Amino acid sequence: MADTDKKTSPKRDLLEKSKNGYDRIDPSELKSIEKFNNMYKEFINAAKTERQATEYAAAAAEKAGFRRYERGDPLKPGDKIYRINRGKAIFLAVIGSESPAKGINIAAAHLDAPRIDIKTTPLYEDFELAYFKTHYYGGIKKYQWLAIPLELHGVVALKSGEVVNISVGKDPNDPVLVISDLLPHLASEQMKKAMSDAVAGESLNALLGSIPEPDDEGSDRVKLHVLGILNEKYGITEADLHSAELSLVPAFDARDVGLDRSMIGAYGHDDRVCCFDCLQAILDIENPSKTALCILVDKEEIGSEGVTGMQSGFFETFVEDICEAFDVQPRVCYENSFCLSNDVAAAYDPNFPEPFDKRNSARLNYGLGICKYTGTRGKSGASDASAEVVARLRRILDEAGVIWQMAPLGKVDAGGGGTVAKFMAKRNIDTIDAGVPVLSMHAPFEVISKLDNYMSYKGMKAFYMSV
Ligand code: MN
Ligand code: MN
């Protein structure tokens, strides 16, 4: 019997048709995918820290007709405004035609990414080599950060109030820094250790120099020589490093990945890819019904703490200012609002299948990933969006022709994680996670799919315009 004679039950229509995004996408959109991802690569190369990302977002906002908002400024529907929180977070809003009492649409993503921070008394010399002591930031596998070129970015704040910008390694003519690793020939003891213990946090010291100061007969002449270079270039002394924020990040730019160039490898996709998508989406919308709010915050990787994190009152301050302009009680606005916690999802990795549930995992090229709950061991710490909230998002995305998928995190009891979602839910705002699936999350070189990235942008636009 030929295949065509096979019986087909009408019940087959009840099944969900899950297909690769490339088999579903309208071919006319393929060009948009490439164009959009080229813009994204420019952003991710320019934004190696949350401060640089904030600067980029502010400049892009100004170009798109947004104005810097000051408390008390009059607001009317259609207005485009933004406010920066201490140089490390930025909030952008397009005022809707409806009152904020009807609720607002909020997309929240984080600008910080795992990295190696410089300690507050960092500079020292050992065995005639100069180093920076470091303290890693966020959840990293420490071994991944050894023996790769690193850029140094950040600021040194002087007592005078002046803030000196430091950037080493971005220019191809710049030197880079590195944290050395042990040669395999002498690593027999190290290789026996568990991966979590093989590299001690205190051994992540970044190599700065090796030339001794010529005109000196005292101790630590290599350290002195390096300090001289810092002083000559930036006008700083050793004590000034106490009031600095300096970070080491991978010294390579974004590259297309794969022979078919379908993916992008870069440092910091988590979560700058979602930041870019919800930023670009708010720059591209006009006259939404509900006020659209894009919030790009700091400190998610260490618990959303601090004055620039999602738990900061900066959020209430900004939204209350908007509500006040329309004579609306903020609590009325919150209970009617909808928030997409825009954070990356873990993509199923065929190289490491063990911790994933194949039937409940995000896949590359299957579009924007929706995550109902995160958490660890019995959903602990998750805000767990309601069924109604998931349905509302499904409707918004389907009506706009966005390719999307469900994207839970790994097998039950395999581990877990969190996002800013719970801090938004705590404010009595319906919140759900959605973001771009990532391979090698938190590694120096993370991988995303171009199709997924574009669908995330398209989804955010539909979300801002939804009623
Ligand atoms: Mn994240
Ligand atoms: Mn993360």
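A salt bridge is a side-chain nitrogen of Lys or Arg within 4 Å of a carboxyl oxygen of Asp or Glu. In this predicted model, local features need pLDDT of at least 70 and side-chain atom pairs count only at pLDDT 80 or more, while totals for chains, interfaces and linings use all residues. Residues are numbered from 1 along each chain as its sequence is written, chains are lettered from A and ligands numbered from 1 in the order in which they are written, and side-chain values use heavy atoms, with hydrogens and water left out.

One such bridge joins E245 and K88, with 2.9 Å between the closest N and O atoms. Four salt bridges are counted between domain 1 and domain 2.

An automatic or database assignment sets the domain bounds. The table lists the two domains.

| Domain | Residues |
|---|---|
| domain 1 | 19-113 + 267-464 |
| domain 2 | 115-250 |

Their C-alpha centres are 33 Å apart. The contact (heavy atoms within 4.5 Å) takes 18 residues from domain 1 and 15 residues from domain 2. About 1,400 Å² is buried between the domains, 52% of it from carbon and sulfur atoms; this buried area is the accessible area (1.4 Å probe) that two parts lose on being put together, summed over both.

The manganese ion (ligand 2) is coordinated by D270 (OD), E301 (OE), E301 (OE) and H442 (NE2) at 2.0 to 2.7 Å. Donors are N, O and S atoms within 2.8 Å of the metal (3.2 Å for Na, K and Ca); water is not among the atoms, so sites may look incomplete. The manganese ion (ligand 1) is 3.3 Å from the manganese ion (ligand 2), and D270 coordinates both.
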